[in-house]
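This briefing covers a ligand shell, a pocket and a sheet, in that order. Please read it alongside the sequence and the model.

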Amino acid sequence: MSSTEPRLIDLPKILDDRGNLSFFQNNAQVPFEIKRVYWIYDVPGGEIRGGHAYKTLQEVIIALSGSFDVVLFDGKEEKRFTLNRSYQGLYVPGMIWKHLENFSTNSVALIAADQPYSEAEYLRDPELFKSMKLS
Ligand code: TYD
């Protein structure tokens with residue numbers, strides 16, 4: 001499948017009476033080589049994270065605990081993904097405007113990215129993003 005569209009990825013789920021286990025590996029369940037992992041937690045009720053796009057950075061977002069919505073805008077249409085399964089990841093390619101909202105209490109968002117942190121990768125101006133999508 002092409003890696004240019006956002007999509008949900010079902011991660012392996014090893015069922016066990018002692019508790020379940022899931023995982024992802026470079027270039028397998030995650031369609032790139034992971035260079036960075038970060039997580040978002042202790043989000044106060046009603047807060048919104050994100051609100052930007054990356055120029056080329058790809059990422060996979062997982063609701064390790066609890067639930068939240070990932071809202072994606074490709075310049076034409078908006079799509080909302082409710083993440084609430086710790087064995088499901090949302091793949092997001094570059095040049096997609098993204099924000100996260102509706103965090104449940106104690107939710108944790110884990111994000112694996114194919115690049116180290118660089119502010120130069122960010123597009124934080126929605127008008128600039130839209131004009132780049134049109135060009
Ligand atoms: P930002 O990506 O804007 O947060 P979000 O998209 O979740 O709202 O990052 C917030 C701050 O954290 C910003 O000052 C940059 C810093 N940061 C790092 O230093 N390293 C990282 O890997 C990330 C994701 C952010």
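The shell around the ligand in this predicted model divides into four nonpolar, two polar and three charged residues. Its members are R36, Y38, I40, R49, G50, H52, Y117, Y122 and R124. Strands β4 and β5 each supply at least two residues of that shell.

**Ligand contacts**

- R36 places a polar side-chain atom 2.5 Å from an oxygen atom of the ligand.
- H52 also has a polar side-chain atom at 2.5 Å from a ligand oxygen atom.
- For Y122, an N or O atom of the side chain is 2.5 Å from an oxygen atom of the ligand.
- The ligand taken alone exposes 530 Å², and the protein buries 62% of that area.

**Largest pocket**

- The largest pocket holds about 160 Å³ of space.
- Its lining consists of R36, Y38, I40, R49, G50, H52, Y54, K98, L100, I111 and Y122.
- Two or more lining residues come from each of β4 (36-40), β5 (49-54) and β10 (97-101).
- Strand β5 gives the most to this lining, with four residues.
- By class, the lining of the largest pocket comprises six nonpolar, two polar and three charged residues.
- R36, H52 and Y122 are among the residues that line the largest pocket, and they also belong to the shell around the ligand.

**Sheet**

- Five strands make an open sheet with antiparallel pairing, in the order β8-β7-β10-β5-β12.
- The edges of the sheet are β8 (78-83) and β12 (122-123), each of which pairs on one side only.
- Strand β5 stands between β10 and β12 in the sheet order, and β5 is also one of the strands that supply the ligand shell.
- Y122 falls within the edge strand β12 (122-123) and is a member of the shell around the ligand.
- In general, strands of a sheet pair through backbone hydrogen bonds, in a parallel or an antiparallel sense.

- Strand β7 (residues 68-73) pairs with β8 in the antiparallel sense over six bridges.
- Within this pairing, V71 has R80 in β8 as its bridge partner.
- F73 stands opposite E78 in β8.
- Four residues lie between the two strands of the hairpin, and G75 takes a positive phi near 100 degrees there.

Technical notes:
Residues are numbered from 1 along each chain as its sequence is written. This is a predicted model: local features need pLDDT of at least 70, side-chain atom pairs count only at pLDDT 80 or more; totals for chains, interfaces and linings use all residues. Side-chain values use heavy atoms; hydrogens and water are left out. On a 1 Å grid over the protein atoms alone, a cavity is a set of points where a 1.4 Å probe fits but cannot get out, and a pocket is an open set with protein on both sides within 12 Å along at least five of seven lines; lining residues have an atom within 4 Å of a point. Grid points are joined across faces, edges and corners, and a volume is the space filled by probe spheres set on the points. Ala, Val, Leu, Ile, Met, Phe, Trp, Tyr, Cys and Pro count as nonpolar, Asp, Glu, Lys and Arg as charged, and the others, Gly among them, as polar. Two strands pair if DSSP finds at least two bridges between them. A residue is near a molecule or strand if one of its heavy atoms lies within 4 Å of it. A polar contact is a pair of N or O atoms within 3.5 Å; within protein, one must be able to donate a hydrogen and the other to accept it, and residues adjacent in sequence count only if both atoms are side-chain atoms. Accessible areas come from the Shrake-Rupley method with a 1.4 Å probe; for residues, only the protein chains shown count as cover.
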